[in-house]
Amino acid sequence: MNENKFMTVFKQNAIWLVFIAEIAIFAYFNPKFLSVPNIVNISRQVSYYGIASIGMTFVILIAGIDLSIGSIIALVNVVCAYLMMNMGWNMWLAILVSILMAILIGVLNGWMVASIGIPAIIATFASQTIFRGCAYLLSGGLPIPGVVLEHPTFGFFARWALNRWDIFKSMGQVGLIPICAIIMVICFAAGSFILNKSYFGRYFYAIGGNEEASELSGIRVNKMKYLIYALSGFFAGLAGIVLLSRSGSAQSTAAIGFEFEVITCVVLGGVSVAGGIGRMSGVVAGVLIIGSLKSGMIMMNVSEYTQMVVQGLVLAVAVGIDCFSKKRQAS
Amino acid sequence: MADDYVLELEHIRKEYPGVIALKDVTLQLRRGEILGLIGENGAGKSTLIKCCSGAVIPTSGKIKIKKEAGGEVKEFSRMTPQLAAENGIAIIYQEFNNVGELSAAENMFLGRPILKKNGIVIDRKAMEAEAAKAFAQLDININPGELVKNLSVGYQQMVEIAKAIQQNAQVLIMDEPSAPLTTKEVESMFKVVELLKSRGVSIIYISHRLEEIFRLSDRIEVIRDGEYVDTLITDKDPATIPHQVDDLIKLMVGREMTQKYPPRKPCVRDDVVIELQHVYGNGDEDISFKVHAGEVLGLGGLVGAGRTEIAQVIFGARPKDSGKIIFLGNEINPKAPRAAIDYGIALLPEDRKRHGALLTNSIKNNISMPIYERISKASVIDSKFEKATAEKYREDIQIKCPSIHQLVKNLSGGNQQKVILAKWLAANSKLIIFDEPTRGIDVGAKYEIYKLINDLVENGVAILMISSEMEELIGMSDRIIVLAEGKMMGELQKDEFDADTILTYASGIVPENKKEAS
């Protein structure tokens, strides 16, 4: 029995070994990989899909999928920038409104999936196209440059936080720990809390395991689906704001193919595409692996096209391992 | 002369991580015999036959096959589906492997079609002729060109058997073949089985229904907890059968079973828990009945009579069209199971694995599922209370498990049913609807479920019990209502209980003497 427990714990955390091995390989080929600037850079890069991966984790846990998050990010970028630059709105108000809009798009996805009964892959594919189109329409296909951000690391948050909290002042290093990475950590903590401590998490796992039995156990499955797609919209919206703060320019072409990367992170982190199985810590590992893989490949001068091939392979292998272990369990 | 064994399984063992499904099972099948294989649920019957088909790889043990009489003995440490087919082993599973959209003949030749001379086009005519030949051999009348989905369940099974015979199977393993069939279909299946035996085919027949085992088998092998227990020679003398049944049950359960239904103190109270007044909807018409506190109301009828449907309406899983449901004195109209649960109504569905238990969740999570919102503050679960609740019911109703964190899919059918019951007890239900409470549950666990039902009514819970097992219906109910085609056909008080009357009602006929009364 003890040996089994050890094996389960080992299997649950095997993904971290992959991460360590990956770091070791990149560090071996390029010592600069482990330099402070590069680590800071990676943490900045991963934060934006790390944040979105939390919503996607919930969605995949209930055996759904959300293909619209890339478009949500583009639209959030464009809307937020439009409100601030073209209409002179207050920054906070613009952020609030654009995140609310992202949540509403999530609710719309939930409505299509839960109330109408469109398969998630089609419903969210439709909204992917619709809202990408909206982003193009609103921006006229042109970038909206010069969005408030003087500071590359989510400046306004940083200044605001630095002025507010002594803890950041005393660390004095907040410039090194990017604010967006801090936001990501807070989001992961919140996601982990929802999954493990709140009853919503229990419901998500139940629905992913068996929707009908969940409904008959008293879970309002449709309501939960609305909630989950809305959460996915919310986290995508937040990721959009993070992206905007980094780029300083709203692009209607931003985050094309982004959902693909996030799904890869989540599935690599051990969340089963069949639903019902997965842990937040695994997703963190998945995000870090993909983030350092991208950064490592760039440092090794791997071409963008090769990177695509590698990422596709990673996705196939991750899903393959999941499906293969299920198959073996069955026999 | 040594026995002519067509199939021998020697010391088969199968371990899964954390579970030993088969400890040590030995089985010898003689040429041309019918061997009954029995054991409680979870005894390892299914795993054993999956070892024969190649679906499961044994951890250790040997499989010996002698396809032809006097031929050489082949020895295997594992099978594959292909090896099984080559060596003449065919399995008829409970769920058929038919493709509904293809014809009977096409199903028989699935994966190995007869082609025309050009080697490309399927020769439908030749296949249909071959299929017709196979059906004729079995003395059954199926049109080979008919789509399988249009065939009755009994005929669908026949297509599978014919396929096995057409492939020259020498060993036919049948897993609960009678479970999906009607009484009439069971008879024709028996005929085919006996016909096959007379042709020298050897058959392993697995069934929960002991009377079938006695009717068909030459020998009976009993396994328990993954171990070989004993093999008996079947004595078909009707006088000795009751005695043999007792012996077999003892062997299967490993202890004495004195009574089938535990005694219950009279506990029916006067207060009505639920009353239906002329409820229409979900395929049912004009259903009216009352269930009192401490009463078991049995719902009898044939499959499709509308019993599950009325349960769904009460539980809020389907809407009603008209009529009133009065629960504890107030009219209610639950629009979703959640609403019904909050009133105190519970449903243990017929199909446990699909609708009842959350198989991929732990015992603890299953039990607390309906009460999570109540035991959470600002959505944070009171995890101490959650654990204590699960431990309490594990103790109270004796859920056999190493820990409350175990996944429900690893439990036996009886224990799964107990987990589902525990969930409703935790939700403090006043009316519990059991839909086929002991379907697919073995003899020993059945008795425990009955005892739990008794405990419930003695504590004043009202129970609505849907059952297709006549004995169970009569043995457990205080009153019985019989439905047919969505309508109420009659009500029987305890002193009127009689299998014939119930069957007459169930077939939609109101007996003469009752007509005037109503």
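This dialogue reads a few features of a predicted model.

Student: What ground rules apply here?

Tutor: Residues count from 1 along each chain as its sequence is written, and chains are lettered from A, ligands numbered from 1, in the order in which they are written. The model is predicted: local features need pLDDT of at least 70, side-chain atom pairs count only at pLDDT 80 or more, and totals for chains, interfaces and linings use all residues.

Student: How many helices and strands does chain B have?

Tutor: Chain B has 18 helices and 22 strands. These are DSSP runs numbered from the N terminus: helices are H or I with at least four residues, strands are E with at least two.

Student: What does the radius of gyration say about chain B?

Tutor: The radius is taken over C-alpha atoms, and the globule rule is 2.2 Å times the number of residues to the power 0.38. For 518 residues, a compact globule would come out near 24 Å; chain B has 25 Å, which agrees. Its C-alpha atoms fill a box of roughly 75 × 55 × 55 Å along the principal axes.

Student: How much of chain B is buried?

Tutor: Of its 518 residues, 44% count as buried. Buried means 20 or more other C-beta atoms within 10 Å of the residue's own; exposed means 12 or fewer, and partly exposed lies in between, with C-beta atoms placed from the backbone.

Student: How do I read the faces of a strand?

Tutor: In a regular strand, side chains alternate between the two faces of the sheet. Take β3(B), residues 34-38: five of its five residues are buried. B:I34, B:G36 and B:I38 lie on one side, B:L35 and B:L37 on the other.

Student: Which strands pair with β3(B)?

Tutor: Pairing requires at least two DSSP bridges between two strands. Four bridges join β3(B) to β8(B), residues 202-206, in parallel. Four bridges also join β3(B) to β9(B), residues 219-224, again parallel. B:L35 has B:I204 as its bridge partner in β8(B), and stands opposite B:R219 in β9(B).

Student: And helices?

Tutor: An α-helix has 3.6 residues a turn, so residues three or four places apart point the same way. In α1(B), residues 45-53, the buried residues are B:K45, B:L48, B:I49, B:K50, B:C51 and B:C52. Just after α1(B), B:G54 takes a positive phi of about 95°.

Student: How many residues does each chain bring to the contact between A and B?

Tutor: Chain A brings 21 residues and chain B brings 30. Contact means C-beta atoms, placed from the backbone, within 7 Å. On the chain A side, α9(A) gives the most, with six residues.

Note on methods: Contact = placed C-beta atoms within 7 Å.
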